Amino acid sequence: MKEGEILSNKNIFSIEGKIYMNTKTAADLWDISSKTVTKYCQQQRIKAFKDSSRKWCIPIDTIKPLNDSEIKQLLILTLQLKNNPVLEIDYNVIQTDMSNIRNVYNYLAELGYIENFNIDRDESIPYKVVLTIKGINMA
């Protein structure tokens, strides 16, 4: 694939061998508005950059960011699990599953709500992560 080559549609493209999507494609994929995707880019809630034409370039494998309500709910759940380890996670409440839990908590760490962690077992992550002051304030 050559630099700037257009893939199956004009909203997905390659730069330096990496595949990106624009805000419209991300919005369609995540079922949210383009304005919300732009806001996420501006707030650095997703890793994106502006190209020479000032359009946002979003890595194609970027997951949909959690909204503030979802983040708050997840942080409160994490505190509850830490305070009462016999509880189990209801993954329907946080709208994810065990296969994605590491990505969700890595995202919270990138946003500064929890400390970076090195926990081997995915199922232990919600019980062992440490909330930052920002995370405690959000919860």
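Start by selecting Phe-13, which is buried at a relative accessible area of 12%; buried means under 20% relative accessible area, exposed over 50% and partly exposed in between, with a 1.4 Å probe and protein chains only. Before moving on, note that this is a predicted model, in which local features need pLDDT of at least 70 and side-chain atom pairs count only at pLDDT 80 or more, while totals for chains, interfaces and linings use all residues. Residues are numbered from 1 along each chain as its sequence is written, and side-chain values use heavy atoms, with hydrogens and water left out.

Rings of Phe, Tyr and Trp (its six-membered ring) pair if their centres lie within 6.5 Å; planes under 30 degrees apart count as stacked, over 60 as edge-to-face and the rest as tilted.

Next, select Phe-49, which is partly exposed at 33% relative accessibility. Its ring and that of Tyr-20 have centres 5.3 Å apart and planes at 85 degrees, so they form an edge-to-face pair. This pair links distant parts of the chain: Tyr-20 is in strand 2 (residues 18-21) and Phe-49 in strand 3 (residues 49-50), 29 residues apart.

Now select Cys-41 and Cys-57. Both are buried, Cys-41 at a relative accessible area of 3% and Cys-57 at 0%. The structure holds zero disulfides, a disulfide being a pair of cysteine sulfur atoms within 2.5 Å.

For the last pair, select Tyr-113 and Lys-134. The charged end of Lys-134 sits over the Tyr-113 ring, 4.7 Å from its centre; the rule asks for NZ of Lys or CZ of Arg within 6 Å of the ring centre and within 35 degrees of the ring normal.

Finally, switch to a cartoon of the whole chain. It has six helices and four strands, in the order β-β-α-α-β-β-α-α-α-α. Helices (H or I, at least four residues) and strands (E, at least two) are DSSP runs, numbered from the N terminus. Buried residues make up 37% of the 139 residues.
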